[in-house]
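Please read them with the structure open.

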Amino acid sequence: MDELARVFYNAPHEIYLEKNIAFYFYLTGVSAASFIISTLAYVFGVERFKAVGRIGAVVAPLVLTVAPIFLIIDLLQPMRFVHLFYMFNFRSPVTWGTILLTLYPINCLVYLFFIYKDNKAKIKTFGSIGIPLAIAVHGYTGFILALAKGIALWNTPLMPVYFLISAMVSGTALLIILTVIKEKVFANNALVNRFFPKVETEVIWELGKLLAIFIAIDLFVAFSDVMLLFYSTPENQIAANLLLAGPFKNMFLIMEVALGMVLPFIVLLVPRLNRNTAVLTVMSVLVLIGIWGMRYVTVVAGQYVPLM
């Protein structure tokens, strides 16, 4: 019996979910974070964030338009995605994901419409509705992975939290890059300035401070997640070793942790550097690369451990 079990568990397993799914997770996170940051001005009344908020309100639906394409591409028969719109199982996270991916972009577009119409009451209403929708749209992706009981790296209660905080990191980093490009490259472009007001340099610096806070939380969650794996069951320890000493150690320790979190966090704590827009841009690019590494490692490395 033991020999039979060993043969079964040691059988090679296909890696079915790869970069397309990682891109989907990555983009939904950026969209959710961009929307939430935009509500700082339009829902919570932080007036100095209005110009950035408008950029975030545009980025959110644009990015989310691209995200489902990677899910469809990943299907062996792409047109089967239409079944999700009429075959419902309300006990399935996929059904709830389909509902959220339908409602959230519609809300984003309505919210954006009222921003350009300057209808403050409607902006606040749809911004308030959009916050839980944005959190749910990205949070459910981590929730789906956490439900995979046979996959040690995914089946952790921290997974939804890990996904949400890393989304805030990547979304903030992208907005820093876009605001710097807008002010440095298109500062004198009348068409751009017509739709996107000037973003004050101090606001970009504040985004840098927000980014540092989100990175600190992300580091704590990542550390906690790995420690929980390493000091629990044997199969969880195998999953942790994939990240710390196995084939994913460079992507996890160097791309995600060192370059994507630790280095930017340290730089963002240095007063002269965190007020330099060029430095902020470079650190934001590193953060985006690091979060992409996190998404890829989470999706692919989890499938390396045989189902237990």
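**Notes on the predicted model**

1. Start with Gly56. Gly56 sits in helix 3. This is a predicted model, as are all the points below. Gly56 counts as buried, because its relative accessibility is 0%, and the cut-off for buried is under 20%.

2. What does Gly56 touch, leaving out residues up to four places away in sequence? The partners are Ser34, Phe35, Ser38 and Leu175.

3. Next, the packing of helix 2 on helix 4. Helix 2 covers residues 19-42 and helix 4 covers residues 93-117. Their axes lie 12 Å apart, at an angle of about 35°. The crossing is left-handed.

4. Which residues make the contact of helix 2 with helix 4? Helix 2 brings Tyr24, Ser31, Ala32, Phe35, Ser38, Thr39 and Tyr42. Helix 4 answers with Leu101, Tyr104, Asn107, Cys108, Tyr111 and Ile115. By class, the count is 9 nonpolar and 4 polar, with no charged residues.

5. Look at the backbone at Asp118. This residue is in the loop between helix 4 and helix 5, the latter being residues 120-146. Most residues other than glycine have a negative phi. Asp118 is not a glycine, yet its phi is positive, at about 60°. Buried or exposed, or partly exposed: how does Asp118 count? Asp118 counts as partly exposed, because its relative accessibility is 48%.

6. The packing of helix 8 on helix 11 also deserves a look. Helix 8 runs over residues 201-230, and helix 11 over residues 277-301. The axes come within 11 Å and cross at roughly 35°. This crossing, too, is left-handed.

7. On the helix 8 side, the contact uses Thr201, Ile204, Trp205, Gly208, Leu211, Ile215 and Asp218. On the helix 11 side, Thr277, Leu280, Ser284, Val287 and Ile291 take part. The classes are 7 nonpolar, 4 polar and 1 charged.

8. How many cavities of 30 Å³ or more does a search of the whole structure find? The search finds 1. The largest cavity has a volume of about 80 Å³. Its lining is made up of Leu153, Met159, Tyr162, Ala222, Asp225, Val226, Leu243, Phe252, Glu256, Met294, Val297 and Thr298.

9. Four elements each supply at least two residues of that lining: helix 6, helix 8, helix 10 (249-269) and helix 11. The lining of the largest cavity has 9 nonpolar, 1 polar and 2 charged residues. Asp225 and Glu256 are among the lining residues, and both Asp and Glu count as charged.

10. Last, the second largest pocket. About 200 Å³ of space lies in this pocket. Ile55, Val58, Val59, Leu62, Leu174, Leu178, Ile181, Lys182, Phe186 and Phe196 form its lining. Helix 3 (50-74) and helix 6 (159-185) are the elements that give two or more residues to it. By class, the lining has 9 nonpolar, no polar and 1 charged residues.

Note on methods:
Residues numbered from 1 in each chain as written. Predicted model: local features only at pLDDT ≥ 70, side-chain atom pairs only at ≥ 80, totals over all residues. Heavy atoms only, no water. Axes fitted to C-alpha atoms, helices over the stretch in contact; angles between N-to-C directions. Left-handed = near helix turned anticlockwise from the far one by under 90°. Contact = heavy atoms within 4.5 Å. Buried < 20%, exposed > 50% of the residue type's maximum accessible area, 1.4 Å probe, protein only. 1 Å grid on protein atoms, 1.4 Å probe; cavity = no way out; pocket = protein on both sides within 12 Å on 5 of 7 lines; lining within 4 Å. Points joined across faces, edges and corners; volume = space filled by probe spheres on them.
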